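Please look over the sequence and the fold shown below before reading on.

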Amino acid sequence: MATMELEIMSREIIKPSSPTPLSQRWYKLSLLDQMSYRMYIPIVLFYPSNVGDTSVEFSNELNKSLSEILTRYYPLAGRIGVGGIECNDKGVDFFEARVNCTLEGFLNHPEFEALNLLVPDQIQSNKLDLSSTLIVQITFFDCGGMAIGVSMYHKVADISTMSAFLNDWAAMARQSEEKEKISAQFITSFFPPDHSPLDIPEYVPKKRNCVARRFVFNATKLDALKTLAASHGVENPTRVQVVTALLYKCADAASKASSDSPTASDLVQMVNLRQLVIPPLPEKSFGNMAWCFKIWAQQEGEVEFHDLVAQLKEGIAGFRLTYGKSFSWDELFRLISDFRKSFGSLLKRTENIVRFTCTSWCRSSLYNVDFGWGKPIWISCPSAMWNTIILMDTRSGDGIEALVSLEEQNMNVFEHDEELLRFASLNPSPYETH
């Protein structure tokens with residue numbers, strides 16, 4: 001594909017269709033919100049051409065429905081303050097753009113660098129005021145196809161919140177019968193008291209030069225990986241666990257192969273608290289509802305795939321046993337307090353450890369986002385942090401796409417790993433993975 005060029009056609013501010021009541025003008029950030037990265041979560045949804053509608057009609061429909069949904073998700077139209085969001089209805093940045101290629105041409109071999117064009121460049125260059133909580137860019141292809149790029153501030157929400165918001169926005173756009181019942185589900189049980197003594201550690205993402213690659217595991221290969229883990233005594237491994245274990249094993253091997261002095265590594269696995277705790281939280285709970293645990297690879301020798309799968313299973317089981325019951329603010333306070341006690345020693349040890357992070361967006365309902373012209377034909381994330389793995393569903397729902405971001409010298413080894421390529425395809429067309 002020739003170099004894709006993007007032209008910004010317009011930029012406007014979309015405000016809620018009705019003002020936020022004075023009683024809701026301050027939204028307090030939860031403990032987990034305050035601990036989250038100071039960064040945006042970007043995602044792009046691709047839709048084919050819809051005969052009969054013009055780009056102007058698409059834009060107007062999205063503009064109007066976004067204004068309406070912001071009355072229900074009013075913190076997204078506000079601005080970040082100290083410890084919370086000032087819900088002042090300042091609105092959402094809404095960009096409209098065009099690119100000089102067809103959607104089919106783009107998807108035949110999607111390029112990561114080109115994908116970055118489909119979210120506002122201010123996010124990539126950090127020129128945008130970080131007090132904004134939501135930014136939207138719609139991009140039209142020459143064929144009439146469209147990409148909707150949405151970036152949500154991570155201190156406000158996680159991927160489950162983004163999925164809920166996008167599905168509710170889409171329901172508003174298509175004038176669903178459930179339109180009047182749409183509302184964000186704000187959970188106050190994790191919000192700190194007014195005089196909480198807990199000093200919340202804030203994470204700052206490391207900025208390093210890295211490259212990203214996309215790998216796709218189809219249903220047959222996932223079954224093969226689960227069978228391989230089970231043959232070594234791991235009972236009922238999930239597809240996310242076996243993919244995570246294989247990717248971590250290969251990333252660890254690549255890191256060691258590229259280093260003059262190989263070191264041990266660990267993997268921080270993010271987990272969605274909503275269904276892990278008792279009683280379960282609503283799936284549409286607004287905000288950050290994620291925690292993490294770690295698994296390890298020893299410094300010397302090759303780590304075994306089935307051992308990593310077993311560690312991942314034990315990590316989830318351990319969390320349920322230790323923290324999962326009667327989860328409340330007090331329990332979360334204890335969890336974070338325990339974390340803080342070991343935080344200093346972890347920082348010291350990290351200097352001699354290569355750290356990877358994995359988060360799963362699988363089962364997130366993103367492929368159900370239908371604005372009235374059908375469901376997306378592909379969804380992707382245009383950027384990833386250093387040493388990060390993001391997992392998401394394929395459109396069919398029975399495969400997994402993995403976006404892996406590593407240092408360049410490590411990626412040169414990783415993307416040629418024979419064990420990895422026995423189970424995964426490197427950047428196939430999304431048309432081939434449906």
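A disulfide is taken here as a pair of cysteine sulfur atoms within 2.5 Å, and by this rule the count in this structure comes to zero. The model is a predicted one, and its protein chain comes to twelve helices and 18 strands. Of the 434 residues in that chain, 54% count as buried. Among the contacts in the chain with a separation of 6 or more, 79% are accounted for by residues 24 or more positions apart.

**Cysteines**

- A disulfide is a covalent bond between the sulfur atoms of two cysteines.
- For C362, the closest cysteine sulfur is the one in C358, and because the two sulfurs are 8.9 Å apart, they are too far from each other for a bond.
- C362 counts as buried, at 13% relative accessibility, and C381 counts as buried too, at 2%.

**Helix α6**

- Helix α6 takes in residues 159-173, which makes 15 residues, and from its first C-alpha to its last it reaches 21 Å, close to the 21 Å expected at 1.5 Å a residue.
- The helix is mostly covered, in that 15 of the 15 residues of α6 are buried.
- At the start of α6, the backbone nitrogen of S160 has a side-chain oxygen of D158 within 3.3 Å.
- Just after α6, the residue Q175 takes a positive phi of about 55 degrees.

**The seven-stranded sheet**

- Seven strands form an open sheet with mixed pairing, and their order is β13-β11-β14-β16-β17-β10-β18. The edge strands of this sheet are β13 (290-297) and β18 (425-426), each of which pairs on one side only.
- Strands of a sheet pair through backbone hydrogen bonds, either parallel or antiparallel.
- Strand β11 (residues 265-272) pairs with strand β14 (residues 354-360) in the parallel sense, over five bridges. Along this pairing, S265 stands opposite V354 in β14, while L267 has F356 in β14 as its bridge partner.
- Strand β11 is also joined to β13, by eight bridges, and these two strands run antiparallel. In β13, A290 is the bridge partner of N272.
- Because six of the eight residues of β11 are buried, this strand is largely enclosed by the rest of the structure.

- Although E61 and F371 are 310 residues apart in sequence, their C-alpha atoms are 8.8 Å apart in space.

**Aromatic rings**

- The structure holds 19 aromatic pairs. In one of them, the rings of Y27 and F286 have centres 5.7 Å apart and planes at 90 degrees, so this pair is edge-to-face. Because Y27 lies in strand β2 (residues 26-28) and F286 in strand β12 (residues 285-286), the pair ties together parts that are 259 residues apart in sequence.
- Both partners are covered: Y27 counts as buried at 6% relative accessibility, and F286 is buried with a relative accessible area of 1%.
- For F46 and F141, the ring centres are 6.4 Å apart and the planes stand at 45 degrees, so this pair is tilted. Since F46 lies in strand β3 (residues 40-47) and F141 in the loop between β7 (134-140) and β8 (146-153), the pair ties together parts that are 95 residues apart in sequence.
- F46 is buried, with a relative accessible area of 0%, and F141 counts as buried at 2% relative accessibility.
- One aromatic cluster is formed by Y27, Y47, F58, Y73, Y74, F165, W169, F186, F286, F371 and W373.

Key: Residues numbered from 1 in each chain as written. Predicted model: local features only at pLDDT ≥ 70, side-chain atom pairs only at ≥ 80, totals over all residues. Heavy atoms only, no water. Buried < 20%, exposed > 50% of the residue type's maximum accessible area, 1.4 Å probe, protein only. Helix = DSSP H or I, 4+ residues; strand = E, 2+ residues; numbered from the N terminus. Expected span 1.5 Å × (residues − 1). Polar contact = N/O pair within 3.5 Å; in protein donor to acceptor, adjacent residues only side chain to side chain. Pairing = 2+ DSSP bridges. Phe/Tyr/Trp six-rings, centres within 6.5 Å; stacked < 30°, edge-to-face > 60°. Contact = heavy atoms within 4.5 Å.
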